[in-house]
Amino acid sequence: MPRLDRLSQIARNNLLTFPAQVNETAPFVRLTKPLAACRLAIVTTAGLHRRGDRLFTPGDQSYRVIPSDTPTIDIIQSHTSIGFDRVPTMRDVNISFPIDRLRELIARGELGELGPSCYSFMGAQREVARIESETGPEVGRRLRDEGVDIALITPT
Amino acid sequence: MLEQAGVSTTSISLVREHTEKVKPPRALFVPFPFGMAFGRPDDAELQHRVLRAALDLLAETTGPVLRDLPAELDPGDQPGAPPQASGITPATQIPDDVAMETTQMRRYHERWLEKSGGRTHFGLAGIPATRFRGAVRFLEGFAEGQDVDMPERPADVPLPNFIRYCADDLKALYFEGHLVMKPAAGGEEIARWFWGETGAGRLLRRVRDRLDASTDPRWKAAAFGVAR
């Protein structure tokens, strides 16, 4: 944002006291190819999935696979916190999941291609132990096995 | 975790203060509200500029990198967050018959579906729009303190979660219907209309009240998601 100074005091305090994990550093894989030769997948925390797939529940640390050729009309959001406005996503799912923009970059030759799958997690997670130990590394392995060079991580 | 598997990552950050703690390998801080990570809906040009700025971080040779979106891309006029029900005073004249009101909204929602090519947030509870009056009756019974349930509720979905899905579907039906009535309306205007002028908004306040009065934390959590 939400720049914090544009929020109510309650919302600001909620964010400032949110138990964000504190890390000293991060692993860093240098990209050695031009974007035009890269395969990219979206990994989102917007709680999106295919219509008919298992819904997310609050605190759910599992993930859903969204095949990259899924039409945007078949994508639904079961993360429905009233802390954010759902109208932008109703109008245009690219606001959190920019799949059409990526297809346009590929058509223009600026990006290589999409991986076969995108991955989706639930947002607003306070407890992430299972994501750290199990579901996160699993998505990492799947992306690697699918030959993905770049994961674009998007929130809601 | 993804980098440990050998995949380079770049990300969008909505809360700079959190990203400073988490230190992901590459993050682009954007000054947009929650729900608007790529700037504005239906604004492909702005979305492309945000996307490009995030992809540009991949050219860095060391990290972690946390960069701000260039200031000129910040429209600067976006609300921090949508207004909540508690901050909106209901009008004195609100329709009593929510099932009838829902039927009327469904006509607008059908036009939304035609316009959007079938894209909709409606459908979490698994009850078709044509039978959603039944869900409204269910929510009304619940709000009145009755011991109600619906045959459509899957066995593995607890009652408060199912109530929340019904409430989310009711909101989606109205919000998307309103986008047909007033295509230019923003989320704030729609929230003020829903919570201030519709019978559905008043019903959801009452559903929230019963959930919130429970001592069961799962009910209280559902209340928090229905209306605040």
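Helices (H or I, at least four residues) and strands (E, at least two) are taken here as DSSP runs, numbered from the N terminus. The model is a predicted one, so local features need pLDDT of at least 70 and side-chain atom pairs count only at pLDDT 80 or more, while totals for chains, interfaces and linings use all residues. Residues are numbered from 1 along each chain as its sequence is written, and chains are lettered from A, with ligands numbered from 1, in the order in which they are written.

Burial comes next, with a residue called buried if 20 or more other C-beta atoms lie within 10 Å of its own, exposed if 12 or fewer, and partly exposed in between (C-beta atoms are placed from the backbone). On that count 20 of the 23 residues of α5(B) are buried, so the helix is largely enclosed by the rest of the structure. Chain B itself splits into domain 1 (3-73) and domain 2 (85-226), with bounds that come from an automatic or database domain assignment. The C-alpha centres of these two domains of chain B sit 34 Å apart.

Chain A has 4 helices and 7 strands, running α-β-β-β-β-α-α-β-β-α-β along the sequence. A compact globule of 156 residues would have a radius of gyration near 15 Å, and chain A comes out at 16 Å, which agrees; the radius is taken over C-alpha atoms, and the globule rule is 2.2 Å times the number of residues to the power 0.38. The C-alpha trace of chain A spans about 45 × 40 × 30 Å along its principal axes, and 43% of its 156 residues count as buried.

Strand β6 of chain A (residues 117-121) has 5 of its 5 residues buried, so the rest of the structure largely encloses it. A:S117, A:Y119 and A:F121 point one way from β6(A), with A:C118 and A:S120 pointing the other. As for pairing (at least two DSSP bridges between two strands), β6(A) runs parallel to β1(A) (residues 39-44) over 2 bridges, with A:V43 partnered by A:Y119. On β3(A) (residues 63-67) the sense is antiparallel, over 5 bridges, and A:I66 stands opposite A:C118.

Then there's the interface. With contact meaning C-beta atoms, placed from the backbone, within 7 Å, 67 residues of chain A touch 63 residues of chain B. On the chain A side, α4(A) gives the largest share, 8 residues. That side divides into 37 nonpolar, 17 polar and 13 charged residues, where Ala, Val, Leu, Ile, Met, Phe, Trp, Tyr, Cys and Pro count as nonpolar, Asp, Glu, Lys and Arg as charged, and the others, Gly among them, as polar.

Strand pairing also crosses between the chains: 4 bridges join β7(A) to β1(B) (residues 8-13), and the two run parallel. A:A151 is the bridge partner of B:T9, and A:I153 stands opposite B:S11. Within chain B, β1(B) is joined to β2(B) (residues 26-29) by 3 bridges, also in parallel, with B:S11 opposite B:A27. Strand β1(B) is mostly covered, 6 of its 6 residues being buried.

Technical notes. Two residues are in contact if their C-beta atoms, placed from the backbone, lie within 7 Å.
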